[in-house]
Amino acid sequence: KEHQLHRMSSQLAKLKARGGASNSNYHEAAADEAKISLLSAEVAKVKRQLTSTRLAKRKCEEELEQSKKQSSEAAADVARMDQEVSKLKQVVIDARMDKENA
């Protein structure tokens, strides 16, 4: 899209420069004005699309970072829970040993 925008902006600048030169033909000048109008509208459209794409990309990047953060927090929670499970297993083993020895 950026390449397309650059190309259209270049075409628009050439048309505007040609329109500034003395046009001997009224119909040619009117056609140039119509082209300028169309290209200007197309340039504005592509700029809006690029802005929308950039905003969507930024939003996705923010969501990805949030997901990574949540994932690392979840991994830490799992590690803590694994430690708690290991402690509880040891308590059960110790309780069985105490029961057998009693």
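How exposed is Glu84, by its relative accessibility? Glu84 has 44% relative accessibility, so it counts as partly exposed. Here buried means under 20% relative accessible area, exposed over 50%, and partly exposed in between (1.4 Å probe, protein chains only).

## The model

This is a predicted model: local features need pLDDT of at least 70, side-chain atom pairs count only at pLDDT 80 or more, and totals for chains, interfaces and linings use all residues. Residues are numbered from 1 along each chain as its sequence is written, and side-chain values use heavy atoms, with hydrogens and water left out.

## Salt bridges

A salt bridge is a side-chain nitrogen of Lys or Arg within 4 Å of a carboxyl oxygen of Asp or Glu. By this rule there are 3 salt bridges.

Glu84 pairs with Lys87, and their closest N and O atoms are 3.8 Å apart. Glu65 pairs with Lys68 at 3.9 Å, N to O. Arg80 pairs with Asp77 at 2.0 Å, N to O.

Helix α2 covers residues 26-101. Helices (H or I, at least four residues) and strands (E, at least two) are DSSP runs, numbered from the N terminus.

Glu65 and Lys68 both lie in helix α2, 3 residues apart. Arg80 and Asp77 also lie in helix α2, 3 residues apart, about one turn of the helix. Glu84 and Lys87 are 3 residues apart in helix α2, so about one helical turn separates them.

## Exposure of the partners

Lys68 has 48% relative accessibility, so it counts as partly exposed. Arg80 is partly exposed at 47%.
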